[in-house]
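Please look through the sequence and the structure shown here before reading the briefing that follows.

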Amino acid sequence: MTLPKTIDLAAMKTGGFIKQKEKDFFALRLRTPVGKIDADHLEVISKVSRKYGDGNLHLTVRQGIEIQGIPFEQLQNARDDLEAAGVRIGACGPRFRVVTACPGAEICPNGLVDSAGLGLAADERFYGQPEGLELPHKFKVTFAGCLACCPKPQENDVGFHGLVEPELFADDCNGCGVCEVTCKEGAIVMGDDDLPIKDDAKCIDCGDCIKSCPTDAWKVKRVGLAAYAGGRWGRHPELGQKIGEFISPDDAMEVIADVLRFYKEEGKRGERLGVTIGRVGLDELKRRVGK
Amino acid sequence: MTEIKADDSLDLRGVLCPINFVKTKLKLEEMDAGSHLEVLLDDGDPIANVPQSVKEEGHQIMKVGKADGGHYRMLIKKA
Ligand code: SF4
Ligand code: SF4
Ligand code: SF4
């Protein structure tokens, strides 16, 4: 029998250990950014659950896994086994949480941007206490590949979705009218010359016309991300407000960094970003983002 | 545009996605390259999905238009 090791209290402070209702039992939260999990890691997780836990795993709403029913004295052993196999431990508390994302352009036919890749990059750079910053409260970030917004960007402290602006190359158009019936926003009508006319005020840059055009007459003018800030769930839900459009993937990382700086400077302890924005003003946040 | 005559037709009104596309695909497989198939599609999901799927199969959509009954007529040229 392995002797119970003393628990590393410093490591425990970074979170990942969640006290269960039953005395002296904990759930161990794992760090699985964008919900992408290596099959080999899953086997290790399964073994640790059987060895130290009660054989149950919980799939969290933020694409994470928690290993339930680990007795206090086995926490360090469970953690050591996981980390030795490359499975990382998650965070709780006032920290930059594991980034979520949908599969995005690499996998989903609707994807406009590589949301999963962006999510992994953001997680790598900001996870935990980014740049040594103590955060006032938890901070959640997600990336969606398109306007369907499957991972709910407007419910996160900072959320992104892909978008694409279409441009018509009239010489390639055969006047079929598919784009007119495809556009769910009613932004396209066929003109008398059998060429589509786009109403920019109605267009939301979803790119459906580009995908549906049989002759590829609608082409991509520019692709990017829309950014939202201040969204949250909980007892007082609030949707994030748009702070930028057609942001490049590289600039998206800087948007996160800028918003974090704003939150660190302006946020009061225990208040989510949306509350800070409500107090300080959305315009002030926008002024400090993308400098 | 000069009117093209369809060589065959398929009435897919009341047929749900993705069965409507599968039927279109099977029909096109029986036809000769370069010939034309006309399909009737319902408004909503069918007209939003079927043209895109037909395009992905490599066929050409020559015309889509709204018919009197609120459904759509789509003319496809087999690749
Ligand atoms: S948000 Fe768009 S790209 Fe991402 S999974 Fe949903 S439909 Fe696919
Ligand atoms: S991008 Fe979307 S909303 Fe804009 S015209 Fe095309 S289909 Fe319509
Ligand atoms: S779908 Fe393409 S070819 Fe057809 S009318 Fe629109 S732009 Fe022209």
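**Briefing on the predicted model**

The side chain of B:H59 has a polar atom that lies 3.0 Å from the backbone nitrogen of B:A79; a polar contact is a pair of N or O atoms within 3.5 Å, where within protein one must be able to donate a hydrogen and the other to accept it, and where residues adjacent in sequence count only if both atoms are side-chain atoms. This is a predicted model, in which local features need pLDDT of at least 70 and side-chain atom pairs count only at pLDDT 80 or more, while totals for chains, interfaces and linings use all residues. Residues are numbered from 1 along each chain as its sequence is written, chains are lettered from A and ligands numbered from 1 in the order in which they are written, and side-chain values use heavy atoms, with hydrogens and water left out.

- B:H59 is placed in the loop between α2 (45-56) and β3 (60-66) of chain B, where helices (H or I, at least four residues) and strands (E, at least two) are DSSP runs numbered from the N terminus.
- B:H59 counts as buried because its relative accessibility is 13%; buried means under 20% relative accessible area, exposed over 50%, and partly exposed in between, with a 1.4 Å probe and protein chains only.
- If neighbours within four places in sequence are left aside, B:H59 is in contact with B:L28, B:V54, B:I76, B:K77, B:K78 and B:A79, contact meaning heavy atoms within 4.5 Å.
- B:K23 is 36 residues away from B:H59 along the chain, and the C-alpha atoms of these two residues are separated by 15 Å.

**Chain A as a whole**

- Chain A contains nine helices and eleven strands, and its C-alpha atoms fill a box of roughly 80 × 45 × 30 Å along the principal axes.
- Chain A has 291 residues, of which 50% count as buried.
- When contacts in chain A between residues at least 6 apart in sequence are considered, 65% of them join residues at least 24 apart.

**The three ligands**

- Around ligand 1 are A:C102, A:C108, A:N110, A:G111, A:G145, A:C146, A:A148, A:C149 and A:C150, a residue being near a molecule if one of its heavy atoms lies within 4 Å of it.
- The shell around ligand 1 has six nonpolar residues, three polar ones and no charged ones; Ala, Val, Leu, Ile, Met, Phe, Trp, Tyr, Cys and Pro count as nonpolar, Asp, Glu, Lys and Arg as charged, and the others, Gly among them, as polar.
- Ligand 2 has 13 residues around it, and A:C183, A:C203, A:C206, A:G207 and A:C209 come nearest; this shell divides into eight nonpolar, one polar and four charged residues.
- Ligand 3 has 15 residues around it, with A:C173, A:C176, A:G177, A:C179 and A:C213 coming nearest, and its shell holds eleven nonpolar, four polar and no charged residues.

- A:V178 belongs to helix α5 (residues 178-182) of chain A, and it counts as buried because its relative accessible area is 0%.
- Apart from neighbours within four places in sequence, A:V178 is in contact with A:S212 and A:P214, and also with B:P51, B:I61 and B:V64.
- A:V178 and A:S212 are 34 residues apart along the chain, yet their C-alpha atoms are separated by 6.9 Å.

**Backbone details**

- Most residues other than glycine have a negative phi, and most peptide bonds are trans.
- A:D205, which is not a glycine, has a positive phi of about 60 degrees; A:D205 lies in the loop between β9 (196-198) and α6 (208-212) of chain A, and it counts as buried because its relative accessibility is 11%.
- A:D216 is also a residue other than glycine with a positive phi, near 55 degrees; A:D216 is in the loop between α6 and β10 (218-229) of chain A, and it counts as partly exposed because its relative accessibility is 39%.
- B:C17 and B:P18 are joined by a cis peptide bond, with omega about 0 degrees, and B:P18 is in the loop between β1 (8-11) and α1 (19-30) of chain B.
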